[in-house]
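Please have a look at the model first.

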Amino acid sequence: APGLYIVATPIGNLGDLTPRAAEVLARADVIAVEDSRVTAKLLHHIGVKRPMTPYHDHNAEGVRPGLVARMGSEVVALVSDAGTPLISDPGYKLVRDARAAGHLVVTVPGPCAAVAALTLAGLPTDRFLFLGFLPPKAGARATAIAEVAAVRATLILYESGPRLAVTLTALAERLGDREAGVAREITKRFEECVTGTLTELAARYADAPPKGEIVVIVAPPGEVVIETSEDDIDAALVEAMTRL
Ligand code: SAM
């Protein structure tokens, strides 16, 4: 059916493209892409050729109305270079406008580096806060960290190799020396997740900025205890059922 399809793509391992994602891409009338070279490789991998049109921060305002108009009669797919569109990537305004115009909006879920990293770190997963990329400037970054210092949730951040050590140090200064994990090159050949306290990790990476793509996971404040045990979840379910 015509409409907007939000299609998640692999974050490094082409095997992670879901069959449904491949199906939607194969029958899309147009695919809105961040970088056509990146998406062309993915399409080549599944043996399809579909028209692509650029959709990124610099042209989104201008091309959005045209894309929304096409959704009335065509299958418009949105992808980003890797992972789930809209997550530290463009797209939410396209979804907003598609909804406002009354078009069908469908999600085709799949890989997302933030969630993948959370599953690797061994830190509590019952509550988490995704911060995306912190501001690059020291002052704004310190403010952004201070704002979340009291939040009782595991924090998830995207970061680049060259900035990693500085960010870990800034996190330790404002949050205290919490347990953390640095997940790198997830689903790729050199996937790893190094855990330790924020200062241990900052020291480790200070002189050796890591290569590749990185997600930082930081434990909630206080002792790292998993607050919701599976027994608690079972008890809550039983209670909810008896109330029905
Ligand atoms: N929309 C994407 C998603 O769903 O994960 C994220 C896009 S954001 C522009 C790119 C950032 O995601 C990278 O700088 C890195 O922090 C993180 N990332 C993407 N792929 C990754 C991978 N394979 N391993 C670790 N981090 C990754």
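## About the model

This is a predicted model, in which local features need pLDDT of at least 70, side-chain atom pairs count only at pLDDT 80 or more, and totals for chains, interfaces and linings use all residues. Residues are numbered from 1 along each chain as its sequence is written.

## Helix 7 with helix 8

Let's start with helix 7 (residues 164-175) and helix 8 (residues 198-206), whose axes come within 8 Å and cross at roughly 160°. That makes the two helices roughly antiparallel (an angle over 145 degrees). Helices here are DSSP runs of H or I with at least four residues, numbered from the N terminus. Axes are lines fitted to C-alpha atoms over the stretch in contact, with angles from 0 to 180 degrees between N-to-C directions.

The crossing is left-handed (the near helix is turned anticlockwise from the far one by less than a right angle). Helix 7 brings L164, A165, L168, T169, L171 and A172 to the contact, while helix 8 brings L198, T199, L201, A202, Y205 and A206. Residues are in contact if their C-beta atoms, placed from the backbone, lie within 7 Å.

## Helix 6 with helix 7

Helix 6 (residues 138-148) has an axis that comes within 9 Å of that of helix 7, and the two cross at roughly 45°.

On the helix 6 side, the contact is made by R141, A142, I145 and A146, and on the helix 7 side by A170, L171, R174 and L175.

Terms used:
Angles under 35 degrees count as roughly parallel, over 145 as roughly antiparallel, 65 to 115 as roughly perpendicular and the rest as oblique. Two residues are in contact if their C-beta atoms, placed from the backbone, lie within 7 Å.
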